[in-house]
Amino acid sequence: MSDLSDLYQEVILDHNKRPRNFRAIVSPTHRAEGYNPLCGDRLNLYVQVDGDVITDVAFQGTGCAISKASASLMTDAVKGHTVGEARELFERFHHVVTTPPDQPVEDLGKLSVLAGVREFPVRVKCASLAWHTLKAALEREQRASTE
Amino acid sequence: MTPSAATAAKDARTSFDVHKVRRDFPILSERVHGKPLVYLDSANTSQKPQAVLDAMDDYYRHANANIHRATHLLSERATALYEGARAQAATFVNAPDPKTIVLTKGTTDGINLVAQSYGRSVLGKGDEVLISWLEHHSNIVPWQLVCEQTGARLRVAPINDAGEVELNQYAALLSPRTKIVAIGHVSNALGTINPVSEMIEQAHAVGAAVLIDGAQAVPHFAVDVQSLDCDFYVFSSHKMFGPTGVGVLYGRPSLLEAMPPYQGGGDMIASVTFEKTQYNVVPYKFEAGTPNIAGVAGFGAAIEYLSSIDRAAALAHEDDVLAYATERVSEIPNVRIFGNARRKAGVLSFLLEGVHPHDAGTILDNEGVAVRTGQHCAQPIMDRFGITATIRASLAIYNTREEIDVLVRALERVRGLFS
């Protein structure tokens, strides 16, 4: 039986209630809109890249606790890192949330709280929406979708 | 109400035994996440009684063959099942003749058939198709497609805050330009029962043909297409306790006769040469290819099952559970209910303030409660109320007040987690 407390951990509930970097950035170098057609959730992501470094990243939009917390945690995780590092982290995060729950995964620090979605397959898209949007923003696509 | 009428009404209620009905549906004794299943998602798809499961199994064991085209006994049995279900469907909606019943893949297929066959023949530039704001995407997009193809314009009758079509605005939108009106009998997202008889009469007064999407109506109450006087009535087997992949299009005989085929293939033809193909007669003209025969056999059993039930009593029971659900859910602090129409069937759509429906859906599921969360294939309604999604509890004949109590306790757990 999948345990709800693995999904809705304190860190997730906290980031849902008080999302970090929940604002717009005026004329950022990169931006993208993420959309999950399953639930109608939308997310606007703003990324400021100076040289090769993500100096600021912020988001706005509507979403469930999982997608909001994931976006919030992501902004904290990639700020101050290079674009290459952010892309690498996308791959590692994606691997963690899509690995079957009975298999071990690497520890991604705070981001690991989202590993609980593995027990709830329909919610994996909620956790990965912000990350797909970040990837799209950095690749200068204007729109990301979980489909 | 006279004393005798009151007694009759009481008798009607007591003649419906929900616990007996529940025993007819094997899946209702299933456990999910270790809890008894509380299935409140019948507007999405209903569960199936044993009789339907048996009919499909029997077909494959004793009658599996193609229909209409072989001389052997199995084909005869398959054809009898298939055509028998067509006749049952005709009786079920009081159609004048089984020939007015086209068997489809479902409601969506029926609407697309009418849009592409009838719509494409009658629509031109300057013409209009009128729908309402309550429509399911399947009663919006097929009309958008045919409007794009023909240059016709799609008009939309607005709804009020209770989720009812604004009838004066509906009437104002009707004009000689209106060629087709397509309206849902019951809203899947809000449960509103539209006053379709009145709307059909008004549409006919300007010469428009009317399609009624009855997908959410037939599971709840008896429908009479002749008394409604609609031109097309479409519905799905899977929402009325039958299998998926089967549906009905009832069409007025004169319209079906005049309409060109929708899809080409086997069974819809009388003779084929490379120069000229003669089409089969109505309704076969609209049934190309080998259909879902097992599904149609199951659909026939579903009609038989519903016909064995006192439907007025079943509806009274459902209305009682809906009223109870509305009352209990309203008592939860910071809850907002969407759809407060005076006449409703089977649907309670709501939001808990500060909780996204998807989170609520996951937690409810963990308590064994199956609801739908999201936009319910009705994005314009969500936009109308300025929201992106709701939690929808939808009812069928097998639901009980006790299940609503489980829902309410589970919602309390949701609030506890997110407070």
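Colleague: Which residues are exposed on the other side of helix 3 of chain B?
Modeller: This is a predicted model. The buried residues of helix 3 of chain B are B:Val52, B:Ala55, B:Met56 and B:Tyr59. They cover an arc of only 90° around the axis, which puts them on the same side of the helix. On the other side, the exposed residues are B:Arg61 and B:His62.

Colleague: What do the buried residues of helix 3 of chain B pack against?
Modeller: B:Met56 is one of these buried residues. The partners lie in chain B too. They are helix 4 (73–92) and helix 11 (293–307).

Colleague: How far apart are the end C-alpha atoms of helix 15 of chain B?
Modeller: Helix 15 has 18 residues, 401–418. At 1.5 Å a residue, they should span 26 Å. The model agrees: the ends are apart by 26 Å.

Colleague: Which residues are exposed on the face of helix 15 of chain B turned away from its buried side?
Modeller: An α-helix has 3.6 residues a turn, so residues three or four places apart point the same way. Buried in helix 15 of chain B are B:Glu403, B:Ile404, B:Leu407, B:Ala410, B:Leu411 and B:Val414. Their arc is only 120° around the axis, which puts them on the same side. The face turned away carries B:Glu402, B:Arg409, B:Glu412 and B:Gly416.

Colleague: How many nonpolar residues has the side of chain A that touches chain B?
Modeller: 15 residues of chain A are in contact with 15 residues of chain B. On chain A's side, three are polar and two are charged. The nonpolar residues there number ten.

Conventions. Residues numbered from 1 in each chain as written. Chains lettered and ligands numbered in written order. Predicted model: local features only at pLDDT ≥ 70, side-chain atom pairs only at ≥ 80, totals over all residues. Contact = placed C-beta atoms within 7 Å. Nonpolar A, V, L, I, M, F, W, Y, C, P; charged D, E, K, R; others polar. Buried ≥ 20, exposed ≤ 12 C-beta atoms within 10 Å, placed from the backbone. Helix = DSSP H or I, 4+ residues; strand = E, 2+ residues; numbered from the N terminus. Arc of directions from axis to C-beta. Expected span 1.5 Å × (residues − 1).
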